[in-house]
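This report goes through a structure part by part. It begins with a term that the later sections use.

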Amino acid sequence: MELAVDAKVSNPGGTIMRPGQPQLYLRSVAKGFANGTVALENVNLTVRQGDFLSLLGPSGCGKSTALRLIAGLSTPTSGMIDWRGPAMGKNDIGFVFQEPTLMPWATVFNNVWLPLRLQGVSRAKAEPKVAEMLERVGLTGFETAMPRELSGGMKMRVSIARGLVTRPRVLLMDEPFAALDEITRFQLNHDLLSVWEQERFTVIFVTHSVFESVFLSSRIVIMAARPGRVFEEIDVNAPYPRDDSFRTSPEYGALCRRTSDILGQAMHANVVSRENA
Amino acid sequence: MSAVESHEQPIAIDAEEASRLRNERLERVGRWLFPLLIMAAAILAWDRICVWNEIPRYILPRPGEVLATLFQDAGILFSALAVTLRITFLSLALAVIGGVGLAILFTQSKWVEMSFFPFAVILQVTPIVAIFPLINIYVDDQTTKLLLCAWIVAFFPILSNTTLGLNSVDRNLLDLFKLNGANRWQTLWHLRLPASMPYFLGGLKIAGGLSLIGAVVAEFVAGASGQNSGLASRIIEAGYRLNAPRLFAALILISFTGIVIFLVLSWISHLILRRWHESALRRDH
């Protein structure tokens, strides 16, 4: 079932994002573990080029598992992760974890350089790319800083720069801002969007925050737990660029309410299915 | 963030802060002063006990006499120290190579680790003094004997610490390396080795002391003598001759060497870790 939430946004200058070509299909994907946990069951999903897709759901709904399957860090028990278009190489997937996951012994520059370095790109060759990425995330001048000298938000910016430095076609983000305070999170949401708006890579963003998913996404996939499954998809038809005025607009409020309601149903469905069992 | 508060700011310091600062200053001085005072008191007590009880010099020499012997016998003692130090550092170097090498081998495959780690434990828990007679039978060369002994004692902390360190890698970072197509060698060089550094350095500090102990113990049981003998032989010799002042002087030289080795290794460890590791951080409050 698809449910489009039409938002009448009074922003004539903005552009409504046109979904591109299908880039990735999840076809009847299931993942079970040896201890009997069914993390995902019959997940079907289409991701289009340039989507900002959020996976939203309660903990235990398998959203992080889905992300690991898409990244190729884990293989599905059954079903298919079906990429379309040119074959996916090492450079084509960026991953941002919940924690900044930086190497504490390496400078900011060396942390961002890492994905290129692992592919044999020399420091000199990597320099302009790293510098550009650091500039995008607002960390120019911090090249020689060590991770422990940075705040939580800045560490996360380094992590994002590292995820993007190979110019991936898909950026996978696993609750990247969950551990940050709200002010920092808003700022990072905003900055992430502006990078994405310029580049239009595909983002698959795992979150448990309704507000964050509505603010960022072009599409939200709501998942239910036990077993993890897709419950509902919502198109967020609000134009980009989105800024603070979007965050305070009635449309945003309406979208959040709508999303929240469906998330509530997803969690209720879960309770009902458990009671029936 | 990285801004440092300048102390020049004319901020009024309240009573609580003032007393905290005072305590900090006292602590800084006291850290050195109190141990030194206690040490001086102990040496004085030692001296007085010798004098008051009229203890003969071959039982317990006065501290002044020990110090004098240290200078008088400097030629004999320091050449012996050089022999002991050579064994100590050679065995420490071999312990580092062997310990780290084996640890790297262990982390390449869980099976290798599971199969061979118990043997390292057996080697470690069996007292070296009990193994030595065997080594004595199988090995002819004196230096090799001593090295082997000191190595057996010193390599285990490096092996076990480094193995632990190589395995204590952030799982997400491992995933990131995998995602970027890193090979085994790259993962080792860019991830596992740096991550294991604090553990390795902790093991190295322990091994430094142990290799000295190993060198001395090995020499004791080997009963080396002649021009090739180290401090342990001098101690045994002095014991036979009831030359207590020289015995004490040699003893002091050994513990002093141990302290210096520990300080040097701590300093190296600090230099390597100071920019990133929690253990090297200065607490601000």
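## Terms and model

A residue counts as buried when its relative accessible area is under 20% and as exposed when it is over 50%, while partly exposed covers what lies in between. Glu24(B), with a relative accessible area of 36%, is therefore partly exposed. The model is predicted.

## Domains

The domain assignment divides chain A into domain 1 (1-10 + 20-88 + 169-238 + 245-263) and domain 2 (103-167). The contact takes 14 residues from domain 1 of chain A and 9 residues from domain 2 of chain A. Taken over C-alpha atoms, the centres of domain 1 of chain A and domain 2 of chain A are separated by 26 Å.

For chain B, the assignment gives domain 1 (11-55) and domain 2 (63-280). The C-alpha centres of domain 1 of chain B and domain 2 of chain B are 33 Å apart.

## Salt bridges in chain A

Side chains of opposite charge can pair when their charged atoms come close. Over all chains, a search of the whole structure finds 22 salt bridges. One of them joins Asp51(A) and Arg219(A), whose closest N and O atoms are 3.1 Å apart. This pair links distant parts of the chain, 168 residues apart: Asp51(A) is in the loop between β3 and β4 of chain A, and Arg219(A) is in strand β9 (residues 219-224) of chain A. The loop that holds Asp51(A) runs between β3 (38-48) and β4 (52-56).

Is Asp51(A) buried or exposed? Its relative accessible area is 3%, so Asp51(A) is buried. Arg219(A) is buried as well. Elsewhere in chain A, a network of salt bridges links Glu132(A), Arg136(A), Arg167(A) and Glu199(A).

## Salt bridges in chain B

Arg20(B) and Glu24(B) form a salt bridge in which the closest N and O atoms are 3.0 Å apart.

Asp47(B) has 13% relative accessibility and so counts as buried. Arg48(B), with a relative accessible area of 29%, is partly exposed.

Arg27(A) belongs to strand β2 (residues 22-32) of chain A. Its relative accessibility is 33%, so Arg27(A) counts as partly exposed. Apart from neighbours within four places in sequence, the contacts of Arg27(A) are Val43(A), Asn44(A), Gly79(A), Met80(A), Asp82(A) and Arg84(A). The side chains of Arg27(A) and Asp82(A) are joined by a polar contact of 2.9 Å. From Arg27(A) to Ile81(A) the separation is 54 residues in sequence, but 6.6 Å in space, C-alpha to C-alpha.

Leu172(A) is part of strand β7 (residues 170-174) of chain A. With a relative accessible area of 0%, Leu172(A) is buried. Not counting residues up to four places away in sequence, Leu172(A) touches Leu67(A), Ile70(A), Ala71(A), Ile93(A), Gly94(A), Phe95(A), Val96(A) and Ile204(A). Leu172(A) and Arg242(A) are 70 residues apart in sequence, and their C-alpha atoms are 21 Å apart in space.

## Helix α10 of chain B

Arg246(B) is located in helix α10 of chain B. Its relative accessibility is 12%, so Arg246(B) counts as buried. Leaving out residues up to four places away in sequence, Arg246(B) touches Thr69(B), Asp73(B), Ile76(B), Leu77(B), Glu237(B), Ala238(B) and Arg241(B).

Ile272(B) also lies in helix α10, which covers residues 244-273 of chain B. Ile272(B) is partly exposed, its relative accessible area being 37%. Which residues form a nonpolar patch on the surface with Ile272(B)? They are Phe256(B), Val260(B), Val264(B), Trp267(B), Ile268(B) and Leu271(B), and with Ile272(B) they have about 620 Å² of accessible area together.

Note on methods
Residues numbered from 1 in each chain as written. Chains lettered and ligands numbered in written order. Predicted model: local features only at pLDDT ≥ 70, side-chain atom pairs only at ≥ 80, totals over all residues. Heavy atoms only, no water. Patch = residues over 30% accessible without salt bridge, like charges linked within 9 Å, V, L, I, M, F, W, Y side chains within 5 Å. Areas by Shrake-Rupley, 256 points an atom, 1.4 Å probe, with all protein chains shown as cover. Salt bridge = Lys/Arg side-chain N within 4 Å of Asp/Glu carboxyl O. Helix = DSSP H or I, 4+ residues; strand = E, 2+ residues; numbered from the N terminus. Buried < 20%, exposed > 50% of the residue type's maximum accessible area, 1.4 Å probe, protein only. Contact = heavy atoms within 4.5 Å. Polar contact = N/O pair within 3.5 Å; in protein donor to acceptor, adjacent residues only side chain to side chain. Domains from an automatic or database assignment.
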